[in-house]
Amino acid sequence: MNKKAIAAVANSVRALSMDMIQKAKSGHPGLPMGCAELGAVIFGEVLKHNPKDSKWIDRDRFVLSAGHGSALLYSLLHLCGYGVSLDDIKNFRQLGSNTPGHPEYGMTDGVETTTGPLGAGFTNAVGMAIAEAMLAEKFNTKQHKIIDHYTYVLSGDGCMMEGLTSEAASLAGNLGLGKLIVFYDDNGITIEGSTKLAFTEDVKARFAAYNWQVLSGDAYDVEGILKLVAQAKKDTKRPTLISLKSVIGKGAPNLAGSHKVHGAPLGDEEVLAARKALGIPVDKSFYIFPEAKEYFKEKAKGWKKDYDSWCKTFDAWKKANPELVKEWCAFMMNGTFEDIKLPKFNVGDKIATRSASGKTLVSLCAAFPNLVGGSADLAPSNNTVVPDNGDFSKENRKGRTLHFGIREHAMGGIANGLILHGGLRSYCATFMSFADYLRPTVRLAAIMKIPTIFILTHDSIYVGEDGPTHQPVEQLESLRVIPNTQVIRPGDAQETEIAWLMALGAQDKPTCMAFTRQNITVYPKDDKQWKKNMRKGAYIVKDCKGTPDVVVVATGSEVSLAVEAAAKTKKKVRVVSMPCRELFEAQSDAYKNKLLPKGVRVIVAECGVPTGWKGYAKDKDILAVTTFGESGKYADVAAKFGFTADNLVKIIKRK
Ligand SMILES: Cc1ncc(C[n+]2csc(CCOP(=O)(O)OP(=O)(O)O)c2C)c(N)n1
């Protein structure tokens, strides 16, 4: 290793980071300066990558879980020759730039995932490492290894404190993800000051207990770091934590080691002092040492060689394995909607939508061989087990079913990571009432525009005996308010199948599906085009002759209730099933007016809070739940909250 060049890269990272933060008048210099050598070693000596093809499927992944240190990442991406120019660096944190405050997936060439919420990146990385193991098992042959890469993470104290990191690390240890290597920037400082204030546990012992290989070193011993990485790779059965002692803001003469350098520009005086101390010309902003440029120029040759060699292997693999190539295409092109054989549900069938979902999922797994996922220990209730290839485990990398354990937050993050890796689609599942435990990952999927599927069963007070803690009330609505998120609550088994097709058809947004615990009856549909129109968010299930006196809009289990109520009154009632309100609201006025004619009274029935329905109906015309449910037999609980056909008839008849 050329230690001088690494020093030049590190100090160029410091120079660029200080200046971009100073120019933006905001940002976090502490991490980029403290981890400059580590970053230089990772990007220069460790990563298998090709900045000219940043989507290369067999690249090593690097995740900056401590996303506030984005200046480090942008500096390194620029130096390596990714699509981040010096002007981009100068536009750090400005509107419309590709160098936003925290790294954003899809925004910046070379950024593997959106980070900022601490621990999220770490968790995505666990998903990426699982994806690598799955795809390697599926596609590598004795002669050709086409998937063979590592997932690296840089985490700080903040990531290590967050609960979801513990969840994800525990699962990674259980699964023996030997190609996951996490660097821990152990600088003992967070925003409020020393970690002694709130974080005194032995992180290394914790990770050892999770069945990780734990190594320690010094963040400025660049040769030592390389040796540690080599040692990490030797242990193929366990993920590795490389804990490195570092100094936050290293290179800033007066502020290094202090929490003051964590998240504010250094200020002109300190930048000047740092430049002098680091040998950066005092009058040159955004300075890059010539040795650093030269170093990466040379590196690019090596990267190209490795990349070209992989391309050759890939070509040879293609020639030798025509059948596997077909499967490869299906994986990379996201399955096929042709030849899908779905289970047959008939009008009158009594089946919970969670069961219909389970049956549909099993069928879809054949058409979507890259669809993988599982539940947070609720698979028998969420109906998420697929028969193919068994469980994914340390011993069985062929498995398609993941057991996330009771770790909802990590589950969502890992499901996102599986997709971010490329080549896989993912779903995950829990009870709707625990959606709050994974909500941040729905939000991140929505921000990243990735199509993770969240299966949320036991979707209302109809859960019954388990009581208010298990009876979701506000969750459905709270998921709908997340932008770019498709929330679908199908009304019967047939709608459930379409919901799944909508979820799999989505390419740029996550889908949350709400399914019932209780049986509901498959109803006849007056709209013969209902399969097409359900994709518009809503359609007419039961119509009346002429202009209706009232339209009842219902979702999920309340659609059958509305159909039943409509049959019990002489009023002219139209029943509209609205499984996806956001989609309906995006339709043309003509379609909306067709379903909900102007001037016609609307009643809404949904077993959840009324908040989002206020634009559709008067308060007294919304049959909803405004408290937390009750423990009891589900029919008794439903009756107590007014979810009976007779009560709905009363509302319909009321003036
Ligand atoms: C979930 C979450 N909570 C809070 C924050 C705000 N925050 C950003 S950085 C940070 C401190 C992180 O400390 P550390 O990881 O040690 O980073 P360093 O100070 O070394 O840069 C906090 C609390 C966040 N980004 N995400």
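**Figure 1. Residue classes in the shell around the ligand.** The shell of residues around the ligand comprises 6 nonpolar, 7 polar and 2 charged members. The structure shown here and in the following views is a predicted model. Of the 15 residues around the ligand, the nearest are G116, G158, N187, I189 and H262. Two secondary-structure elements, helix α7 (157–161) and strand β4 (189–190), each contribute at least two residues to this shell.

Figure 2. In the side chain of H68, an N or O atom lies 2.8 Å from an oxygen atom of the ligand. D157 places a polar side-chain atom 3.2 Å from a ligand oxygen atom. At I189, a polar atom of the backbone is 2.7 Å from an oxygen atom of the ligand. The ligand taken alone exposes 590 Å², and 75% of that area is buried by the protein.

**Figure 3. Crossing of helices α21 and α25.** Helix α21 spans residues 557–567 and helix α25 spans residues 645–653; their axes come within 8 Å and cross at roughly 65°. This crossing of α21 and α25 is right-handed.

**Figure 4. Residues in the contact of α21 with α25.** Helix α21 takes part through L561, A562, E564 and A565, while helix α25 takes part through A645, L648, V649 and I652. Sorted by class, the residues of this contact are 7 nonpolar and 1 charged, with no polar residues.

Note on methods: Residues are numbered from 1 along each chain as its sequence is written. This is a predicted model: local features need pLDDT of at least 70, side-chain atom pairs count only at pLDDT 80 or more; totals for chains, interfaces and linings use all residues. Side-chain values use heavy atoms; hydrogens and water are left out. A residue is near a molecule or strand if one of its heavy atoms lies within 4 Å of it. A polar contact is a pair of N or O atoms within 3.5 Å; within protein, one must be able to donate a hydrogen and the other to accept it, and residues adjacent in sequence count only if both atoms are side-chain atoms. Accessible areas come from the Shrake-Rupley method with a 1.4 Å probe; for residues, only the protein chains shown count as cover. Helices (H or I, at least four residues) and strands (E, at least two) are DSSP runs, numbered from the N terminus. Ala, Val, Leu, Ile, Met, Phe, Trp, Tyr, Cys and Pro count as nonpolar, Asp, Glu, Lys and Arg as charged, and the others, Gly among them, as polar. Axes are lines fitted to C-alpha atoms, for helices over the stretch in contact, and angles run from 0 to 180 degrees between N-to-C directions. A crossing is left-handed if the near helix is turned anticlockwise from the far one by less than a right angle, and right-handed if clockwise. Contact means heavy atoms within 4.5 Å.
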